[in-house]
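Please read the following report beside the sequence and the coordinates. It takes up a pocket and then a packed pair of helices.

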Amino acid sequence: MAEFAEVVYHEYGHAINHYVYLWLGTEFLNGSLHEGYADVWALVMTGDPVLGDGALKEYPELAFRRYDRAPKRYPHDYTGYFHDNGEIIAGAWWDVARNIGSIETMKEIFARHYYGTPNGPDGAELQVFQDALLEALIADDDDADLSNGTPHYEEIACAFMRHGIVLPEWKIVWPEDYVAVEEVSGGEPVVLGLRTAVGEGEWTRSVKVYWREMGSLQWNVTRMVRVEGDSFVAVLPSFPAGTILEYWFMDSMYCGFVRTFPNEMDLDTPSNVPYYLLVGFELKEAHTLDDPSDWHVGDLSDNAGSGIWEIGEPVPSYLNPMNPVLMVQPGYDHTGNNRCAVTENGDPNTFPAWSDVSGGKTTLYSPGFDLRGYTNPVFTYWRWYTNEWGFIPRDDRWQVQISVDGGATWHNVENTPVPDRSWRRVVVRVLDYGEPSGLVFLRFIARDEGQPTLVEAAVDDLFLYDGPRGGVQGVGSKQEDWTELGWRVWWWDEGQVVAMRCAGGSGVCRAVAVMRIVDGLGREVYWHEMGGERHGRVVALGERLVPGVYFVVLGFEDGGIGVYPLVVGSTEGAAR
């Protein structure tokens, strides 16, 4: 390996780290930063984002590190291993050079930022990486005032943000912090809200919610309205009982970045599972795995050597047991009763590959359900799945199947290579797979076939619902009046009139400064000055709106916003 110059530069970079920090009166503590900064010196010397290409004789097609591919980000790609984590911070510095368009300028900023000695113990990478970003901005500053920016403020900030590194005051709330709306009654508007950032929300430019009825191939898109600096809301039309909606959010951010809630959602496949919304369904049975007697582990075709399904108290496993940050198998269930199905509990102090699914597949069978007398039966379950580390990450698939004929035939519900190390809810509409002609079963299959991959899975909370057979009415459905913040709003198609009345007990509501009407893409189609109205008013638009879904947005004098759904072109008329 010493024949490769970039390997020598990397090792020399370690010496620079060590001796510069000693010269500045401290010790370089953080192993992840040490490895990452050694890579930065190699990148500076070679000007090539590929380090050690062909250096591994056993795998000549591979390189030690590549910074010309999808970025590694904190916390998603944080593993607890120094070389892996070093790619997060080194990638940020390489992207600084790309954004500025000059490796030399990046090198000058990088060298000057050492004077701030970003540092911290192993395991404190978030704080260490944030310190590195702050020192980079200070090193770039030319007037001792960060509040007015720096010569390359945007290039540096965007590069670090691309790798998930932001200053504490820019704190981003990541997708796992979002609590999905899961159930609503039929015939009422669906209100979806999302909080994206703490503070002024300056990193978010716009948020859209994509939604559709389960089974539809076409996603509808509604632009969300910013209610406050960091909060957005969208109001979808009302849907009849029996409807199942799928939805997810796309957050278009500063620097041109796009993230989704949940992670890895896409208009194409393969994609993560969306959030689901049951409209007008009634819960019939709840299986929280307190009693596992009706569940069955094993299939005649199972051949896994380890990682066999078991039901009990989950024991966590970590990618690096010496630094228990990145959880592989969950140490908690979804219900809160501390019982679920997992692919073998192991020792949390040992490497998780000793007890993960290996050498084949393992199968878990649900109880059998007699669905005679059900109108529109629906199952929901919560699952955890990872396959993102190993020789070929994401090569293996998570598979869930349903049988509606007593186990004679099986149909895929899930068959995905996309991991999600969090408890995620999946909805199964039984009638999509045929009318039940016998007991209905679900089975959950985790596998590791071919090159070894770190595979763990968990299942909890299998619930059974029933509801009417419904469908999305879509635009043109009857829109009920919607009350918020004391104001009530009505719409009449005939005459194109918006009526608003204070519904508060005192008859006096928050003063309205302006009324806007926006369409489903967030485009303003009407604006009216309200002059601090507190009681009520009727506003005739004077022009016809194209039939569709709109929102009345009331801007209050105190800075707040009220958002009300509006369906134009309803054949039944709006609520009076």
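Which strands each supply at least two residues of the lining of the second largest pocket? They are strand 21 (411-416) and strand 22 (420-429), strands being DSSP runs of E with at least two residues, numbered from the N terminus. The model is predicted, so local features need pLDDT of at least 70 and side-chain atom pairs pLDDT 80 or more, while totals for chains, interfaces and linings use all residues. Residues are numbered from 1 along each chain as its sequence is written, and side-chain values use heavy atoms, without hydrogens and water.

The second largest pocket has a volume of about 700 Å³ (the space filled by probe spheres set on grid points joined across faces, edges and corners). A pocket here is an open set of points on a 1 Å grid over the protein atoms alone, where a 1.4 Å probe fits, with protein on both sides within 12 Å along at least five of seven lines; lining residues have an atom within 4 Å of a point. Of its 32 lining residues, Arg212, Glu246, Pro274, Tyr276 and Val413 lie nearest the centre, and strand 21 gives the largest share of the lining, 5 residues.

| Class | Lining of the second largest pocket |
|---|---|
| Nonpolar | 16 residues |
| Polar | 8 residues |

The axes of helix 4 (residues 103-113) and helix 5 (residues 125-140) come within 8 Å and cross at roughly 115°, which makes helix 4 roughly perpendicular to helix 5 (65 to 115 degrees). Ile109, Arg112 and His113 of helix 4 meet Ala132, Glu135, Ala136, Ala139 and Asp140 of helix 5, with contact meaning heavy atoms within 4.5 Å.

Methods: Axes are lines fitted to C-alpha atoms, for helices over the stretch in contact, and angles run from 0 to 180 degrees between N-to-C directions. Helices (H or I, at least four residues) and strands (E, at least two) are DSSP runs, numbered from the N terminus. Angles under 35 degrees count as roughly parallel, over 145 as roughly antiparallel, 65 to 115 as roughly perpendicular and the rest as oblique. Ala, Val, Leu, Ile, Met, Phe, Trp, Tyr, Cys and Pro count as nonpolar, Asp, Glu, Lys and Arg as charged, and the others, Gly among them, as polar.
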